[in-house]
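User: Please take a close look at one part of this model, the place where the two chains meet. I would like one connected account of it, with the cut-offs behind each term.

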Amino acid sequence: MDFDPLLLSRIQFALTVAFHYLFPPLTIGLGVIMVFTEWQYLRTKDMQYEVMAKFWTRIFAINFALGVASGIVMEFQFGTNWATYSRFVGDVFGSALAAEGIFAFFLESGFLAVLVFGWDRVSPRVHFLSTVLVSLGSMFSAIWIVVANSWQQTPAGFRLVEHQGALRAEITDFWAVVFNPSSMIRLSHVLIGAFILGAFVVMSITAYYILRGRHMEMAKKSFAIALAVALVSSMAQLVTGHYHAVKVAKHQPAKLAAFEGHFETGEGGAPLHIIGLPDQKEKTVRYSVAIPGLLSWLVHMDSSKPVKGLDQFPEEDWPPVALSFVSYHVMVGLGLYFILLTVVGAVMYKRGTLFQTRWLLWVFVVSVIGPYISNQLGWMAAEVGRQPWIVYGLLRTTEAYSQSVPGGQVATSIGMFVLIYLLLAAVWIYVMNDKIQHGPDEADATGIVAKEGLAGIREAILKGEEGSLTATAEEEEEGSQR
Amino acid sequence: MIDLNVFWFILLGVLLTGYAILDGFDLGVGSLHLFAKGDYERRIFLNSIGPVWDGNEVWLVTFGGALFAAFPAAYAAAFSGFYLAFMLLLFALIFRAVAIEFRSKRESRVWRSFWDGAFFLASAVAAVLFGVAVGNMMQGIPIGPGGEYQGTFFDLLRPYPLLVGAMTLVMFCMHGSIYLYLKTEGDLQEKVRHWIWGTFGVFLVFYILTTIFTLVAVPSAIRNFEKYPWVWGLVVLNVLAVANIPRSIYKGMPGQAFISSACTIAALIFLFGFALFPNLVTSSIDPEKFSLTVYNAASSQKTLAIMRNIAFLGMPFVLAYTTAIYWVFRGKVRLTRFSY
């Protein structure tokens, strides 16, 4: 059988990125909420905040571990599957990755240990400081990854040089690379997307507790914090989303045209398709509901000015239109839904009726899926919209893959990734569910720890083991007799 | 005298050494995991590395990023050339991370046994693969024009790389058992102390075998010694470090034993880099024409300079908080409610 290494490498990259990107947004978003919670604890000394902080730390740690485990694939995949690309961009792209390692990963991974294992070893202040550092670390990491990605979208601060018989991009201006035209707006869009996800996860879990009448005090407090974060973030996301689209219109016009299904440039103002399904062959949008002039207004603040359509570009430079259009539109739709839901939630909270409105709480429980989907679709729209270029206007995806890797090997690795990711996803859901069902430990409040002391805890753990793991305990005795 | 290219070669060596010493002991602990009996002992093992293994692995991630940035051609050649081997390594590292995180999350015996097995297997496989990679680098791989790998997967599994893989595994087991000796107490510590004799003995055999095999199979390994004879001094120090391990265990000085095994690892990596220099990837097809060196595989001088500044800015922080974390979690392992 013949395997196409290019197609397979693209599938593998999409698969591994999509899986990886389930975790970092949550750790970024949840990190912010944890910082706020612990700060509240330091300020008020209210034990409930400490119980909350410990609970969210556990959820955080599970997702962090999976983020690290799946993230290591990303870094090495550039070399394994995209060797030609690596040679082309290494001079520019590599330094962002190295900076991520030095400035972000060490910070996160180091202080995560204090976060998870350090409750009894450091003072609450030092613990709070560690939480702040971990949260900052997760954002630093986003900064460098987004800078690297944005450079691929809107390359700047480089020149093309012939090196060892092949062209490559070399840095001429480091800060122009970092502050390339799309990096800052994309960064704010990505970070806010992560805050929304973190807040929705917290609201989903705590709404569930309230519905079940469990951990009420902690749940209500957490819900209120998360609702505030979600409300502000959703509104802000509309603003960053808008400016992001304007940037795309300026620097990647073919991509914007694909997002909007805008085939013909036309004379006057361009309409905005609210819904529809583009047909790339017929160059038309089916089932369209459109508002005349709105696209022009959004891009130029003038509803009669034309917007560049796909007809301005040779067809071999078009991104896949339908996929770009759908992922972009569903993302935007979900964004509007988040605003609607959080505004309704906030109004009811103000009136004091939110926690009695069971149907709305259920809506919050299931809405957690929304930010997961919109975060995925955001990346998808950005990456698919950049096609057929891997580095916009400079290097085509078809030229970038590893020439020396046989398709069969890529197929083998995809098979293994699918198996492993399915297993991990199952374990992740199982353990998350387990943690959520178990809920926060009211005994987490340090008062109890202080009373019983560490020795007491150790005893309790050993006792617990004897009870539930009798066979193992017996083995242990045998072991010590030998 | 030391230009930016050489500087980056050295810095990559430092990152690799940091990785091998730090992740070395926790891969070693993982490779010994199944020898621990009962849930209590296994949890002690797991928690001895609990707070630090993740930070240790960052050394590898940073090494990868730095290699990509400083020597993109070598990064591309090595990773695409070793495709399946690297995929296997990635799967091992994924499984290992997840096994550590999830193992103690459920009390079910089947659950824990499954993750115990995964943790052991992933740790051992990762250790062997690192060694195989080093062995292949030493012996050279079929790199042709344009830095493209021209061999197959099985070209990587030659006797010499496999021997280096085995040596790496037993070296990490020795390093890990010494680390466990530092972190445990009572009966368990006595037990671990006996293991050190075993792991050290096996390591010694493999160390000698590998040394002989290197001199026979990779004559180019000592090519640089003619130019810089002072490096023979390092070989002597390496032997002294190895010899000091049983001495300090015998005298009951685990700290010194740990430093000795760390020095052994550092010296071996230095010798590896020294044997390789100025090549990063040696071509077995035509070493003169197709080898990727610190010059022909490097990024531009500007990038190397920018990265040097990033490293100078970042490394003091990295060292400061690595030290701080190890300080916070110093002392013997005790299980608490927050343990794995």
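Analyst: Contact here means heavy atoms within 4.5 Å. By that rule, 91 residues of chain A and 82 residues of chain B take part in the contact. The model is a predicted one, in which local features need pLDDT of at least 70 and side-chain atom pairs count only at pLDDT 80 or more, while totals for chains, interfaces and linings use all residues. Residues are numbered from 1 along each chain as its sequence is written, chains are lettered from A and ligands numbered from 1 in the order in which they are written, and side-chain values use heavy atoms, with hydrogens and water left out.

Buried area is the accessible area (1.4 Å probe) that two parts lose on being put together, summed over both. Between chain B and chain A it comes to about 7700 Å², and 71% of this is on carbon and sulfur atoms. Of the area that chain B buries against chain A, 10% is supplied by B:Y83, B:R337 and B:F338, more than by any other three residues.

Polar links come next. A polar contact is a pair of N or O atoms within 3.5 Å; within protein, one must be able to donate a hydrogen and the other to accept it, and residues adjacent in sequence count only if both atoms are side-chain atoms. Between chain B and chain A, 16 residue pairs are in polar contact, both residues at pLDDT 80 or more.

Helices (H or I, at least four residues) and strands (E, at least two) are DSSP runs, numbered from the N terminus. On the side of chain B that touches chain A, at least two residues each come from α2 (38-49), α3 (53-70), α4 (72-81), α5 (83-102), α6 (109-139) and α13 (301-328) of chain B. The largest share, 14 residues, belongs to α5(B). This side of chain B divides into 48 nonpolar, 18 polar and 16 charged residues, where Ala, Val, Leu, Ile, Met, Phe, Trp, Tyr, Cys and Pro count as nonpolar, Asp, Glu, Lys and Arg as charged, and the others, Gly among them, as polar.

A salt bridge is a side-chain nitrogen of Lys or Arg within 4 Å of a carboxyl oxygen of Asp or Glu. B:R106 and A:D434 form a salt bridge, with their closest N and O atoms 2.8 Å apart. B:R106 lies in the loop between α5 and α6 of chain B and A:D434 in helix α14 (residues 407-438) of chain A, so this pair joins two chains. With buried meaning under 20% relative accessible area, exposed over 50% and partly exposed in between (1.4 Å probe, protein chains only), B:R106 is partly exposed at 26%, and A:D434 is partly exposed at 23%.

Within chain B, the side chains of B:R96 and B:E57 meet in a salt bridge at 3.8 Å, N to O. This pair links distant parts of the chain, with B:R96 in helix α5 and B:E57 in helix α3, 39 residues apart. B:R96 is buried at 0%, and B:E57 is buried at 4%.

Helix α3 of chain B also holds B:T62, which is buried at 2%. Not counting residues up to four places away in sequence, B:T62 touches A:G101, A:I102, A:F106 and B:L15.
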